[in-house]
2 protein chains.
Amino acid sequence: MRNLRKLRVMTPPDADGVPPRRRGRPPSGGREAIVAATLCLLRERGASRLTTREVAARAGTAEGTVFYHFGDRTGLLMAVINDGLRAFADVHFGQPDPGSDIGTLLDRFTSALEGFLDIAVVAMIAAQSDAELRDGMAQYFLARNVGPHRGVELLGGALRRAQSAGLVRTDIDAEALAMMVIGSCFLRVALQQMIGSDYSAKFPDRAELVRTVTTMLAPVGR
Amino acid sequence: MRNLRKLRVMTPPDADGVPPRRRGRPPSGGREAIVAATLCLLRERGASRLTTREVAARAGTAEGTVFYHFGDRTGLLMAVINDGLRAFADVHFGQPDPGSDIGTLLDRFTSALEGFLDIAVVAMIAAQSDAELRDGMAQYFLARNVGPHRGVELLGGALRRAQSAGLVRTDIDAEALAMMVIGSCFLRVALQQMIGSDYSAKFPDRAELVRTVTTMLAPVGR
């Protein structure tokens, strides 16, 4: 993955107030393998049995390397979320200019969002199994002003630009609609993880949601 | 609470295939106190440390009474959800007839839904901390065809009746819109529980959502 230095800044090396061990030479590489191993273990059995020792073993590296890169288990979980977020942020949703199509923008946005949530919701739910992880995640989200409300701001902003461009009706609250779009993606992904894909198939699919929103957003009264 | 016999039928006395102990005389009462104690313990520290012994202690009853009423921990969690669901189902959302107001229906529905989710999401997230509880909940939801998709069917049906009555536009998918409404309530409640109410205040509030949906649903092109 690119731009590792930038990502390191986003992880909480001292979420519990204890600085990570950084004496001597840094242990050799393995950062990406550690994040992948963490996500894998979370999917298999949640966070309540997530240990840095097992993450290290799965990643084929030393436990000291895990501490070096991530500080603690909260740092590991936040790194899982941040790696997913970076892939989401790289998607170009299209500018809502007069030549563009709001349905295409919504399709790209919800597709990328569900891909990201498929990673982030695992980590968020897993963190709930452990008081230290739960508090660490809450502090991280609040102190850095990150979390799903940023997605609402992102999509809400795009919808407001589309309103200014005359592409969509102007008599609705863009943030409220953005929250509904993100909420339905969150509901689908959360239930897929909690109950399984057999269950989440009982809901309207993403294409139906995009079609419905696009219809409701069409300018009226012109 | 009313109608306990009916509720008992909805709990899984043998979710793990082992019938609960029912020899001799049933232990005396305490069912409601046990459900309340379970919800209380779940809110305090999740399910990973939920034991029937502590539930019994908190409820001021014997552990055998817990087994008698609920069978196992999965039965306890599902009883927490079912008790919340019953309160939700008791709310009269109003019939969408020509004299009624779709905004009032949406306000009543989302208010009652968030109250229910405030209980159900605790139990659903808590169940994720433990493989036995997670599998038990998934089996329960799938075998009994319960879960949030029933809410989508309920609200979707009300919206379709409102479409038939000419109260709302007919060119949108009622179930897709219902999923968006329920998804945004689910997102708000889940984040309130995961991160806290300071965080969930960053989202558009319920009144803004109801207003936005009501505006988008107004009949067009007449």
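Where in chain B is the place of B:Gly166?

**Figure 1. B:Gly166 and its loop in chain B.** B:Gly166 sits in the loop between α8 (148-164) and α9 (174-194) of chain B; helices here are DSSP runs of H or I with at least four residues, strands are E runs of at least two, and both are numbered from the N terminus. The residue is partly exposed, at 30% relative accessible area (buried is under 20%, exposed is over 50%, partly exposed is in between, with a 1.4 Å probe and protein chains only). B:Gly115 is 51 residues away from B:Gly166 in sequence and 30 Å away in space, C-alpha to C-alpha. A word on the model: this is a predicted one, where local features need pLDDT of at least 70 and side-chain atom pairs count only at pLDDT 80 or more, while totals for chains, interfaces and linings use all residues. Residues are numbered from 1 along each chain as its sequence is written, chains are lettered from A and ligands numbered from 1 in the order in which they are written, and side-chain values use heavy atoms, with hydrogens and water left out.

Figure 2. Chain A comes to 11 helices and 0 strands. Of its 222 residues, 53% count as buried. Take the contacts in chain A between residues at least 6 apart in sequence (contact means heavy atoms within 4.5 Å): 69% of them join residues at least 24 apart.

**Figure 3. A:Thr38 and its neighbours.** A:Thr38 lies in helix α2 of chain A and is buried, with a relative accessible area of 0%. Leaving out residues up to four places away in sequence, A:Thr38 touches A:Leu50, A:Val55, A:Leu76 and A:Val80.

**Figure 4. Salt bridges within the chains.** The whole structure has 20 salt bridges over all chains, each one a side-chain nitrogen of Lys or Arg within 4 Å of a carboxyl oxygen of Asp or Glu. A:Glu44 pairs with A:Arg58, the closest N and O atoms being 2.9 Å apart. That pair links distant parts of the chain, with A:Glu44 in helix α2 and A:Arg58 in helix α3 (residues 52-59), 14 residues apart. A:Glu44 is partly exposed at 42%, and A:Arg58 is partly exposed at 40%. Over in helix α8 of chain A, A:Arg150 and A:Glu153 are 3 residues apart, so about one helical turn separates them; their closest N and O atoms are 3.7 Å apart. In chain B, B:Glu175 and B:Arg160 meet at 2.3 Å, N to O. This pair joins helix α9 to helix α8 of chain B, 15 residues apart. There's a network too, linking A:Arg31, A:Asp83 and A:Arg86.

**Figure 5. Where chain A meets chain B.** Each side of the contact is made up as follows: 52 residues from chain A and 52 residues from chain B. About 4500 Å² is buried between the chains, with carbon and sulfur atoms giving 77%; buried area is the accessible area (1.4 Å probe) that two parts lose on being put together, summed over both. In chain A, A:Met179, A:Met180 and A:Met194 lose the most area to chain B, together 16% of what that side buries.
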